[in-house]
Amino acid sequence: MIPPVIIITGASRGIGRSIALFAAETGYSVALNYANNKTAAEEAAHLCEQRKQNSQQQFRPIRANLADAEQYENLFQQTLQHFGRIDSLVNNAGIAPRVRADITETKQDSFNEVISVNLTASFFLTQLVVNHWLQNKTDNDTGNRNIIFISSISAESASLNRAEYCISKAGLSMAVKLWALRCAAHGIRVFELRPGIMATDMTSGVKEKYDKLLEEGLVPQKRWGTPDDVGLAVQAILKGHFPFTTGEAIRIDGGLHIHHF
Ligand code: NAP
């Protein structure tokens, strides 16, 4: 049997890498997108090899800067050319603002950059994949097609020093609902996974600050989230364990979102 194929953006490091490993363990071939870090992407592909379930699975790093429409279109085309099919997409790649500035000081360049990678690319890559599915109703349809958006607690919690990030993630939440609605009758499920405070390169610069906040009880489960916390959730979706769910946001935040006294 030809393995199902998944595109994962930002799969070289952090959360995206863990998602790739769990997809490999679930029997998927993986298109591992990355921006610049070829060595990390190749290492992620190599680690996927060690988790694969059958000899036909393949793991292909594909470089594409998602800030550039031509490059994410190329990611889509290259995946189809190489694997001949696409079964699922995870819009994971995301960036924080280069400089955390109060909302009164947010620069338009920073706003545009964050929105283009986090929101615009996720929206239009999804459009490419969904249109491909709708226009090519073939034997390839396994009845298990999923689009997963990795948003953030920042979709619902306001941080005044990274407005562009919060707005990009809140936008993703609506994109999930819109795509879920459009795709529901076609057997395509759409999910939002909303991580909280996760230990990755993205948060390495603010580690001490969050260590202290965690100690003070900011997160009810009293620990950092890990990439595998998200990888496991994606695996459950890929295994088809949410057959009657779509347009849903699943929080992976140790209870951070719960308002409490
Ligand atoms: P990370 O460790 O910084 O890794 C970022 C990944 O995205 C890398 O694979 C990177 O590729 C890729 N990437 C960055 N810019 C890109 C671009 N322009 N085009 C293509 N790929 C690009 O990030 P992470 O913490 O795993 O975050 C993954 C997702 O989870 C993001 O959407 C983030 O917003 C979200 N999230 C993270 C946290 C957290 O606390 N870490 C919390 C909530 C949500 P290279 O290796 O080539 O640079």
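Author: Happy to! The lining of the largest pocket divides into 23 nonpolar, 19 polar and eight charged residues (Ala, Val, Leu, Ile, Met, Phe, Trp, Tyr, Cys and Pro count as nonpolar, Asp, Glu, Lys and Arg as charged, the others, Gly among them, as polar). This is a predicted model, where local features need pLDDT of at least 70 and side-chain atom pairs 80 or more, while totals for chains, interfaces and linings use all residues. Residues are numbered from 1 along each chain as its sequence is written, and side-chain values use heavy atoms, without hydrogens and water.

A pocket is an open set of points on a 1 Å grid over the protein atoms alone, where a 1.4 Å probe fits, with protein on both sides within 12 Å along at least five of seven lines; lining residues have an atom within 4 Å of a point. Here 50 residues line the largest pocket, and G94, I95, A96, Y165 and M202 lie nearest its centre. α1, β2, α4 (108-135), α5 and α6 (207-215) each give two or more residues to that lining.

The ligand takes up the space of this largest pocket. Around the ligand are 32 residues (each with a heavy atom within 4 Å), the closest being S12, N36, N92, Y165 and T200. This shell has 15 nonpolar, 14 polar and three charged residues, with at least two each from α1 (14-25), β2 (29-34) and α5 (163-183).

Backbone atoms come in as well. A nitrogen atom of the ligand is 2.9 Å from a polar backbone atom of L66, and a backbone N or O atom of G10 lies 3.2 Å from a ligand oxygen. Altogether, the protein covers 93% of the 910 Å² of accessible area that the ligand has on its own (Shrake-Rupley method, 1.4 Å probe).

Conventions:
A polar contact is a pair of N or O atoms within 3.5 Å; within protein, one must be able to donate a hydrogen and the other to accept it, and residues adjacent in sequence count only if both atoms are side-chain atoms. A molecule sits in a cavity or pocket if more than half of its atoms lie within 2 Å of its grid points. Helices (H or I, at least four residues) and strands (E, at least two) are DSSP runs, numbered from the N terminus.
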